[in-house]
Amino acid sequence: MPKDPPAKTSQYEAVIFDFDGTLFDTADMHIETARTTLLEAGLAVSVEWLRSAPLSDPAELRRKLRSDFDWTPPFSDEEMLARGTRNWRTVITHAVPVPTVVDLARVAAVSSPVAVASSNDSKAISRALDRNGLGMLFSAVVGRGDVTHLKPAPDAFLLAAARLGVEPARCLAYENSDEGVTAALAAGMDVVDVRTMTVTTPERSSSTADQRDALSALPVAGHERGTDHGSGASVAEHDALIKALTFLADEKHGHDGYGAQLAVDPLFKQIIPRQEARSFLRERHGVEVGFDLGREASGAGLALAHVPPEADEGHALSARLAPWVHSARRGRRYCFFPDNPQFAADTDCTSVALMGLFTHGLLSEGELRVGIAQLLSSATPPGPSEPARDTDPDEWPGVFQVYWEDGEEPQAWPRGRKHDAVVCANILYTLDLSPAGVDSSDARVQATVAYLADHLTSGGFLSGTRYYPAPEACLHAVSRLCARSRYYARHLSTPLHDAFTSPGLQGIPDGENGPLNLALRIITADNLGLAHDQARQRTLLLAQQRPDGSWPACAYYRLGRLPFHFGSPVLTTAFAVAALHG
């Protein structure tokens, strides 16, 4: 079925990056190049002296050499520059990209032309880009030889915009120096200072007080709720969204910051370090899981899948999360513990990764089709129309499973047949991302939809699922299906509505299990078109936001039937963003 394209609300049509210190860490390489060039001329100087020397200005450098060392280079300024350029082109091949900014460039290049505007040598820049597999990202490279005046003059940025065919005012620049920021502003561009991740606009460049956070400069779209600024949120909700998105994109999350935490209770009052989890289970519960719980990547995939792309218009968050999601890839599938080959890839991690990457423009339709084929192959063999639930609750013929049984990972331990309603809903959602929509004639799709309807009408959702302990997780996952597809809505909206308004669920106080389940309820009600009490629940959710912009960790999923809950401030905040974004 046809799909409406996502709304594109960005004010920018192109992105232009500085090179030195922004895209690539080259500071020490400038020092190395200058030292080599001076040694060739017969003078040895210290690194400390070079750090304060005017290396980009040959005439000024000559004067400082004469003043400090009573020494004059035995060749002209032009020859000194030529020698330095030759040495630089050799050194630059070993330059190291700045991962955060390069990820931003990758994301930007999906939908916009991208360029480099630098005071460096354009051939050296192109060589460094190509060596690191980044050359194809950039439609133009402007260097010192292409312009008359270097930064802080605007020439490089103006020429880059002209080569991209975009008006300077429609370009967003990324810089790491005062001279570079001044140059971009003089060109009439908004500029992100990567040292602070703030955006400055030409008309607001007079003082620090006028600077805006990099994310707050970007529009937040959604449904009207009585605002006067055109976004989908109230002023308080809009401010909360900005704080939350800033928290999510913060580099402090580092090596393991996007991984989920582990706790023995839903509200995370007792957090267990993952490296201690195995011994904890063995000593407290007499359970030997057979492996150490290492790095976990599912939380990053869930955050990417559930933060609306419109809310991440500047791509700061998707650029942070995408490498985490990619790190969990194992062949054509994705896994929960990417560093443990004995722990098999699963359909939940795979479907969540596919939906997150594809909806944020980080996965091609061809790659999506490959992933969908993998998900379709996970269904149990067809059988009678009614499952033998009395004998084996995991024997639902034709329904998608959590783990594959095809032996594609011979080193992984067999996990057995397992169904989970939230996992099934995630798979069905991913199938419908195909440009052709979900194939409603597929017996596996029909069987899985029937399985979900049964889970809702039987009241089984109240006890959670095998991997998702709270009823809100299932209701939220099914509500996304109903909001996305008429086929899903036709078969599931009525049992979902009945389940959501049932006394069993309504008897659970709002927020009993923390802000995460409150956010899931808000999203579910939005997807069902239920406006009653939404304002009060959003107010309650806002009240639980912490000063750093996050919401606290709460249980979202668990390690099967084992007494461990997974969650994190990142995951709770991602769902809160989705709830407030509307």
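Author: What follows is a set of questions about labels, each answered from the values behind it. Keep in mind that this is a predicted model.

Reader: Fine. What does the protein come to in helices and strands, and how much of it is buried?

Author: The secondary structure comes to 22 helices and 14 strands. Of the 582 residues, 54% are buried. As for contacts between residues at least 6 apart in sequence, 64% of them join residues at least 24 apart.

Reader: Why are helix 16 and helix 17 called oblique?

Author: Their axes cross at roughly 135 degrees. Roughly perpendicular stops at 115 and roughly antiparallel needs over 145, so helix 16 and helix 17 end up oblique to each other. The axes come within 12 Å, and the crossing is left-handed.

Reader: Which residues meet there?

Author: From helix 16 (residues 443–457) you have Leu452, His455 and Leu456, and they meet Cys474, Leu475, Val478 and Leu481 of helix 17. That contact divides into six nonpolar residues, one polar and no charged.

Reader: And what makes helix 20 and helix 22 roughly parallel?

Author: The angle between helix 20 (residues 515–528) and helix 22 (residues 569–581) is about 30 degrees. Roughly parallel means under 35 degrees, therefore helix 20 and helix 22 get that label. Their axes are 9 Å apart, and this crossing is left-handed. Helix 20 brings Pro515, Leu516, Ala519, Leu520, Ile522, Ile523 and Asp526 to the contact, and helix 22 brings Thr572, Phe575, Ala576, Ala578 and Ala579. By class, the contact has ten nonpolar residues, one polar and one charged.

Reader: How do you know that helix 11 is largely enclosed?

Author: Count its buried residues: nine of the nine in helix 11 (residues 298–306) qualify, so the rest of the structure largely encloses the helix. They are Ser298, Gly299, Ala300, Gly301, Leu302, Ala303, Leu304, Ala305 and His306. What they pack against is helix 12 (316–327), helix 13 (347–359), helix 17, strand 13 and helix 22.

Reader: Why is His565 called buried?

Author: His565 lies in strand 14, and its relative accessible area is 12%. Buried means under 20%, so His565 falls on the buried side. Leaving out neighbours within four places in sequence, its contacts include Gln261, Leu262, Ala263, Phe268, Pro469, Tyr557 and Arg558. His565 and Ile271 are 294 residues apart in sequence, yet 9.3 Å apart in space, C-alpha to C-alpha.

Reader: How do you know that both faces of strand 4 are covered?

Author: Look at each side of strand 4 (residues 114–117): Val114 and Val116 are buried on one, and Ala115 and Ala117 are buried on the other. Strand 4 pairs in parallel with strand 1 (residues 14–17) over three bridges, where Ile16 stands opposite Ala115. Three bridges also join strand 4 to strand 5 (residues 140–142), again running parallel, and there Val116 stands opposite Val141.

Reader: Where is Asp70, and is it called buried or exposed?

Author: Asp70 is in the loop between helix 3 (58–69) and helix 4 (77–91). Its relative accessibility is 70%. Exposed means over 50%, so Asp70 counts as exposed.

Note on methods
Residues are numbered from 1 along each chain as its sequence is written. This is a predicted model: local features need pLDDT of at least 70, side-chain atom pairs count only at pLDDT 80 or more; totals for chains, interfaces and linings use all residues. Side-chain values use heavy atoms; hydrogens and water are left out. Axes are lines fitted to C-alpha atoms, for helices over the stretch in contact, and angles run from 0 to 180 degrees between N-to-C directions. Helices (H or I, at least four residues) and strands (E, at least two) are DSSP runs, numbered from the N terminus. Angles under 35 degrees count as roughly parallel, over 145 as roughly antiparallel, 65 to 115 as roughly perpendicular and the rest as oblique. A crossing is left-handed if the near helix is turned anticlockwise from the far one by less than a right angle, and right-handed if clockwise. Contact means heavy atoms within 4.5 Å. Ala, Val, Leu, Ile, Met, Phe, Trp, Tyr, Cys and Pro count as nonpolar, Asp, Glu, Lys and Arg as charged, and the others, Gly among them, as polar. Buried means under 20% relative accessible area, exposed over 50%, partly exposed in between (1.4 Å probe, protein chains only). Two strands pair if DSSP finds at least two bridges between them.
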